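This briefing is intended for reading alongside the sequence and the three-dimensional model. Please keep both in view while going through the topics below.

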Amino acid sequence: MPEQRSSERQSDVIVIGAGIAGVTAAAILAKRGLAVTILEARDRVGGRGYARNFADTEEVLDFGGAWITPWQERMRRLCREHWVEVRSRIPVGERRYLRDGGLQREVTSAADRPAHERAVARIAADAILLKMGHAADEQGRSIARVSFADYLDRVAPPQATRDLLSAWWAVSGNADKTQAPAAELLMSSAYGDGLTDAMADVWADTIVGGVSDLVTRMIATSGARLVTTQPVTAIRTSRDGVSVATSGEEPFAAKAAIVATGLNPMRNITFEPGLAAAKVAAIATGHLGRAVKVWAQVTGVPAGIMVTGGGGGIEWMFSERESSDGTTMLVGFGVAANGWTPDLPKDIESAVARFFPEAKVVATDWHDWNGDPYSLGAWVSAKVGAEAATAAETWTREGPLAFASSDFAAEQAGWFEGAAVSGEAAAQEILAFLGKN
């Protein structure tokens, strides 16, 4: 064990990060009778799941991840176990496309329809091939390791289709198109039989009160100790245990630890001794997810309208729900890459004017995940040629140190379900290390 001072606080296991991954692991470990301390850098729990009041109103919205799919049974089970309700997403009742200088009801012009259909058919075929485990198409062209920008050039869609795909990229790939793989969009399209618009069909439910509320209840039920506002600066390990230094004055000590910060924030933690070369390379590479999620409160627009297009800035918007005061809440997405540096709220107001010209903006709100020092990005998006950085195999346990995050989950990466999967795996690694499995 590293030399202890009398001020060190001892646990069996320290979990670093109070998102779904970390808290799932903590709950499993605490249930096995281990003393668990959760260290959270922020003054809140939930990680990239962040529900709070919109613009100082009573309307609680998800500013981070929100949707869960019909098959994500871990998240649904956690909600049932902790008496958290899920709310069905309102269906899409109207579709609009921003193209050719204005809003249209059809995705392309009649002249562009044949080229559009060829591109959509190619994307659907590649999405299903990738879902089946194929890395290349029938011509031997890579579909697993080609950038989205290069893939678009290969598919050669008309401009309206290119803008449509760019909008869906904002809610799937969410990264620099020249660096992130087209597989990010293709795998999301595969949820809906390869059709990009159909990927929204699986966003079935949201959690009432958000992941923040669910995680709060999970921690209370587990009996794990939570310590907030404790950014971790260094983790020192030996054959006997772990010492975790934070920005506070006193370190924390344990027999083992789980790092559940997410991939990008690990670059701000010193590991002594250093981690294996594959993990060091992964931390240096990081992930590229740079989504910008925004909300706008408006009047004059009913719920259930989805709009895409524009080719940059906020490219995807949906009138997601009616609020208690009769206004409507619009959720929007863009990607802070490929020449767009968000200027908020100006860009939100501009998007509403383009997509919903009948609307009057009452208020806007957002959370800057890319500037947040404890996320340094949105959901995971890999880098072409550096997929090992986000592979679960890279993040197996090293001595008393395990790792958990949706960024490198063995399945459902990028989703809360993936975070739970990764948290379960890390907990089992620590139980095995401590001889408790």
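How many cavities of 30 Å³ or more does the structure hold? The structure holds 2 such cavities. The model is a predicted one, in which local features need pLDDT of at least 70 and side-chain atom pairs count only at pLDDT 80 or more, while totals for chains, interfaces and linings use all residues. Residues are numbered from 1 along each chain as its sequence is written, and side-chain values use heavy atoms, with hydrogens and water left out.

**Terms for enclosed and open space**

- On a 1 Å grid over the protein atoms alone, a cavity is a set of points where a 1.4 Å probe fits but cannot get out. A pocket is an open set with protein on both sides within 12 Å along at least five of seven lines. Lining residues have an atom within 4 Å of a point.
- Grid points are joined across faces, edges and corners, and a volume is the space filled by probe spheres set on the points.

**Cavities**

- The largest cavity has a volume of about 50 Å³. Its lining consists of Tyr97, Leu98, Arg99, Val107, Ala160, Asp163, Leu164, Thr308 and Gly309.
- At least two lining residues of the largest cavity come from each of strand 7 (94-99), helix 5 (159-169) and strand 16 (305-309). Helices (H or I, at least four residues) and strands (E, at least two) are DSSP runs, numbered from the N terminus.
- The lining of the largest cavity comprises 5 nonpolar, 2 polar and 2 charged residues. Here Ala, Val, Leu, Ile, Met, Phe, Trp, Tyr, Cys and Pro count as nonpolar, Asp, Glu, Lys and Arg as charged, and the others, Gly among them, as polar.
- The second largest cavity holds about 40 Å³ of space. Asp62, Ala66, Trp67, Thr206, Lys293, Trp295, Glu320, Arg321 and Val331 line this second cavity.
- Strand 15 (291-299) and strand 17 (314-322) each supply at least two residues of that lining, which divides into 4 nonpolar, 1 polar and 4 charged residues.

**Second largest pocket**

- The second largest pocket contains about 360 Å³ of space. Of its 16 lining residues, Thr24, Ala27, Ile28, Lys31 and Glu81 lie nearest its centre.
- Helix 1 (20-31), helix 2, helix 7 (210-222) and helix 10 (416-433) are the elements that give two or more residues to this lining. Helix 1 gives the most, with 5 residues.
- By class, the pocket lining has 6 nonpolar, 5 polar and 5 charged residues.

**Strand 15 and its partners**

- Strand 15 pairs in the antiparallel sense with strand 18 (residues 328-335) over 8 bridges. Two strands pair if DSSP finds at least two bridges between them.
- Asp365 is located in strand 19 and is buried, at 12% relative accessibility. The side chain of Asp365 makes a polar contact with the side chain of Arg52 (2.8 Å). A polar contact is a pair of N or O atoms within 3.5 Å; within protein, one must be able to donate a hydrogen and the other to accept it, and residues adjacent in sequence count only if both atoms are side-chain atoms.

**Helix 9**

- In helix 9 (residues 346-355), the buried residues are Asp347, Ile348, Ala351, Val352 and Phe355. Seen down the helix axis, these residues fall within an arc of 140 degrees, so they line one face of the helix. The arc is that of the directions from the helix axis to the C-beta atoms.
- The face turned away from the buried side carries the exposed residues Lys346 and Ala353.

**Backbone features**

- Most residues other than glycine have a negative phi, and most peptide bonds are trans.
- The peptide bond from Glu272 to Pro273 is cis, with omega near -5 degrees. Pro273 is in the loop between strand 14 (270-272) and helix 8 (277-285).
- Leu344 and Pro345 are likewise joined by a cis peptide bond, with omega about 10 degrees. Pro345 is in the loop between strand 18 and helix 9.
- Trp83 has a positive phi, near 55 degrees, and is exposed, with a relative accessible area of 74%.
- Thr229 has a positive phi, near 50 degrees, and is partly exposed, at 44% relative accessibility.

Terms used
Buried means under 20% relative accessible area, exposed over 50%, partly exposed in between (1.4 Å probe, protein chains only).
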